[in-house]
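User: I'd like to go through this model with you before I set anything up. Could you start with the helix packing?

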Amino acid sequence: MTRIAIVTGANQGIGYALVEELATRLDPTDLVLLTGRDAARVAAAADRVRTGARSRVEGRVLDVTDAGAVAELAASLGRTDIVISNAIGPLVPDRPQSEQADEFIAVANGGTHAVLRSFGPTLPPGGRLIVVASALGTLGRLDPRLHPVFDGATLDEVEAVVEGWRAAIHDGIAGEKGWPGWINVPSKVAQVAAVRAVAATRRDRDVPDGTLVAAVCPGLVDTRASRPWFSDFSQALTPARSARPVVDLILDPLDPAKYGELVQFGKVLPWHSGKPPRYQDELVRDPVVLGGLPRDVDA
Ligand SMILES: NC(=O)c1ccc[n+]([C@@H]2O[C@H](COP(=O)([O-])OP(=O)(O)OC[C@H]3O[C@@H](n4cnc5c(N)ncnc54)[C@H](OP(=O)(O)O)[C@@H]3O)[C@@H](O)[C@H]2O)c1
């Protein structure tokens, strides 16, 4: 049977590499949808992947901040076997994060919520619903005052917490409420919390069916998103190399221990692990965040 895979934010970086890897490893009858917000960039990227692809590849315009468009695409496809929510908006250190928060949160968190809500129900037994998050996304990265708001939260609750955090940024009170200055951190914790929320509602059905809902960390990868934040890329992966363990997770039989979890290079990063950094800079030197590919995965 023909399988359909979709990747959001896939005209460059890790999303592009995930499409390439899927298109190399899926069957010629399968279809990989490379999506992004800009028609010209999507068409150019889809043309590039098609050269050398084994499966079929099509480009589709999908701005993940448009929840209606996400819902429409999910409904028009009817059944999607492999769904990867990957898109992220630009975030740079030389502009106040309060000025960048709306777009950043709308893409990373609004986009994730829209994909989980609209594509989740279209997943057939054996399907894969994956959110590209980060090793920054464990609960332990946040001030302990914030743990209860995410721990065990439903998707509606995660959405409300994200909205409250966004409002606190604009009101200038995010810091006093414990939210870290680097908005990527709460954004990633919220993505993992959203995955856990959805997974909790469907685990009993999914695990016997061999269906996987999970978050992944691709490691430190040299892309537009990471370049402004890390000075040392000696341990960084290429997007192509980072995509392989993610596609391994997708194509391997379900390991129930990974269901609903955050997985980095095939291993679960426990939800409560990680520590809040004393200084913002500490995170960009954290070995788990920097995590180059371990030798056993490289083999
Ligand atoms: N790079 C790393 O080291 C690293 C580490 C851990 C996790 N991650 C995660 O990996 C994922 C991919 O990151 P990346 O490093 O590959 O980033 P990237 O190179 O900046 O690519 C981001 C992609 O998202 C697209 N995008 C932006 N806004 C969009 C929207 N509204 N709708 C749809 N697509 C949109 C971009 O399209 P345009 O080209 O049109 O802007 C681009 O294709 C992110 O979730 C990121 O947090 C990355």
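**Helix packing, sheet and ligand shell**

Analyst: H4 and H7 are roughly parallel to each other, where angles under 35 degrees count as roughly parallel, over 145 as roughly antiparallel, 65 to 115 as roughly perpendicular and the rest as oblique. The axes of helix H4 (residues 97-119) and helix H7 (residues 184-209) cross at roughly 5° and come within 10 Å of each other. Axes are lines fitted to C-alpha atoms, for helices over the stretch in contact, and angles run from 0 to 180 degrees between N-to-C directions. Helices (H or I, at least four residues) and strands (E, at least two) are DSSP runs numbered from the N terminus.

User: Before we go on, what kind of model is this, and which pLDDT limits apply?

Analyst: This is a predicted model, in which local features need pLDDT of at least 70 and side-chain atom pairs count only at pLDDT 80 or more, while totals for chains, interfaces and linings use all residues. Residues are numbered from 1 along each chain as its sequence is written.

User: What does strand S1 pair with, and over how many bridges?

Analyst: Strand S1 (residues 4-7) pairs with S2 in the parallel sense over 4 bridges, and Val 7 has Leu 34 in S2 as its bridge partner. S1 also pairs in the parallel sense with strand S4 (residues 82-85), over 3 bridges, with Ala 5 standing opposite Ile 82 in S4.

User: And S6: is it buried or exposed?

Analyst: S6 is largely enclosed by the rest of the structure, because 6 of its 6 residues are buried. A residue is buried if 20 or more other C-beta atoms lie within 10 Å of its own, exposed if 12 or fewer, and partly exposed in between, with C-beta atoms placed from the backbone. Leu 212, Ala 214 and Val 216 point one way from S6, Val 213, Ala 215 and Cys 217 point the other way, and all are buried. Strand S5 (residues 128-132) pairs with S6 in the parallel sense over 5 bridges, and S6 pairs in the parallel sense with strand S7 (residues 262-264) over 3 bridges.

User: What does Val 216 touch?

Analyst: Leaving out residues up to four places away in sequence, Val 216 touches Ile 130, Val 132, Ala 133, Val 246, Leu 249 and Val 263. Val 216 counts as buried, with 30 C-beta neighbours inside 10 Å.

User: Changing topic: where is Phe 265, and what is its phi?

Analyst: Phe 265 is placed in the loop between S7 and S8, and its phi is near 50°, a positive value in a residue other than glycine. Most residues other than glycine have a negative phi. Phe 265 counts as buried, with 23 C-beta neighbours inside 10 Å.

User: Last one, which residues come nearest to the ligand?

Analyst: Gly 9, Gly 13, Ile 14, Thr 223 and Ala 225 come nearest of the 29 residues around the ligand, a residue being near a molecule or strand if its C-beta atom, placed from the backbone, lies within 6 Å of it. The shell divides into 11 nonpolar, 13 polar and 5 charged residues, and helix H1 (residues 13-25) supplies the largest share, 3 residues.

Note on methods: Nonpolar A, V, L, I, M, F, W, Y, C, P; charged D, E, K, R; others polar. Pairing = 2+ DSSP bridges. Contact = placed C-beta atoms within 7 Å.
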